[in-house]
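Please read them with the structure open.

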Amino acid sequence: MSTTKTKNGFTKHAFGVIDSKKNKISILKLQKMKKNGDLVAWVTAYDLPFAYVAEKAGVDMILVGDSGGMVQLGYQTTNPVTMDEMIILASSARRGAPNTFLIGDMPQGTYEVSKEDAVSNALRFVKESLCDAVKCEGGIRVINHIKAIIDAGMLVMGHLGLTPQSAVSFGGYRVQGKNVIGFEQILEDALALQDAGVFAILLEAMPPEPAQQIAQQLDIPIYGIGAGDKVDGQLVIMHDIMGFYQPFRPWFAKCYIPDVISGFSNYIESIGDLKIVGRENRSDGLLVLAEMAVIKYIEDVKNRVFPGKDYSYPIKDAELKELRKSKYWRE
Ligand code: KIV
């Protein structure tokens, strides 16, 4: 993030400028972080202001999720989102965060039909929106299409557990991996994705114990959104961190505004002349508050405070006892 000083000595941050001193995270660094037990903190963002905030706060990666179809475009689910809409969201996010590893989320219907579709749509994310990688939902059922994207030279992240695009086939948004069949299916999918060459997998909505088994048994990084604190990093939807999405908030998501609001008030009080700050670097409003919230989230992830028990799905003793009987369970 390049900065200059204003005439009254305030720091001014350049918007959307490539900073040659900032190295984007690489897949080698992500591997190393897993090996060293260093956790990855990332968020979603779908536009320039929030991607800017995420980069300035110092997130490791940004996902332009198809959840943007809901929280940004107002659809009821992620299913209606089109590739053209995702390109607009991802390009806007890229302009806000030119120095951060950016992942474009392949919307439903853009990678399942054929390998050709999968490759050409993934290429759109990379060439038009300058994404560093793409994410696809599903395991064995779409493995050949994911492999085609990887063979075309692009980075793919897998997404297993509760995969919202196919939520109807789970009977709705339900916690996954709680019984032996479900857990084994997810582990087999994860192993197939690893063999196909994905650089990481995101697990959504699973209790911590089965998610931990997957993180421990795979060599590639395994991240979670609502998958407990025993995985290699955490993702949260930006609009949940900010408390911006009113219709719904998943059980595992935390709004960080209450944690930082008093720090924000103290900061505003500490500014001598708000008018000058407003005119010189604009650090007097929601951008500052949002950045404080993302910084606190990152700290909580790195220090293993979030998600903790409060933001993880519980599992009953009887369910865990059954899961431990799986042929894949390692004590
Ligand atoms: O679209 C999205 O933001 C996602 C997360 C819910 C994992 O895929």
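1. V294 lies in helix α12; helices are DSSP runs of H or I with at least four residues, strands are runs of E with at least two, and both are numbered from the N terminus. V294 is buried, at a relative accessible area of 0%, where buried means under 20%, exposed over 50% and partly exposed in between, with a 1.4 Å probe and protein chains only. Not counting residues up to four places away in sequence, V294 touches V53, A57, V59, M238 and M242; contact here means heavy atoms within 4.5 Å. The C-alpha atoms of V294 and L63 are separated by 14 Å, the two residues being 231 apart along the chain.

2. On the source: this is a predicted model, in which local features need pLDDT of at least 70 and side-chain atom pairs count only at pLDDT 80 or more, whereas totals for chains, interfaces and linings use all residues. Residues are numbered from 1 along each chain as its sequence is written, and side-chain values use heavy atoms, with hydrogens and water left out.

3. The largest nonpolar core has 107 residues; such a core is a set of buried Ala, Val, Leu, Ile, Met, Phe, Trp, Tyr and Cys residues joined through side-chain atoms within 4.5 Å. Helix α12 (residues 286–302) supplies the largest share of this core, 8 residues. Among the residues with the most contacts inside the core are W42, M61 and Y297. Leaving aside neighbours within four places in sequence, Y297 is in contact with A41, W42, V43, Q234, L235, V236, I241, Y256 and F306.

4. For D105, a polar side-chain atom lies 3.0 Å from an oxygen atom of the ligand, and for K135 the distance is 2.9 Å. The protein covers 96% of the 260 Å² of accessible area that the ligand has on its own, by the Shrake-Rupley method with a 1.4 Å probe.

5. The structure holds 0 disulfides, a disulfide being a pair of cysteine sulfur atoms within 2.5 Å. For C131, the nearest cysteine sulfur is that of C136, 12 Å away. C131 counts as buried because its relative accessibility is 5%, and C136 counts as buried because its value is 0%.

How values were computed. A polar contact is a pair of N or O atoms within 3.5 Å; within protein, one must be able to donate a hydrogen and the other to accept it, and residues adjacent in sequence count only if both atoms are side-chain atoms.
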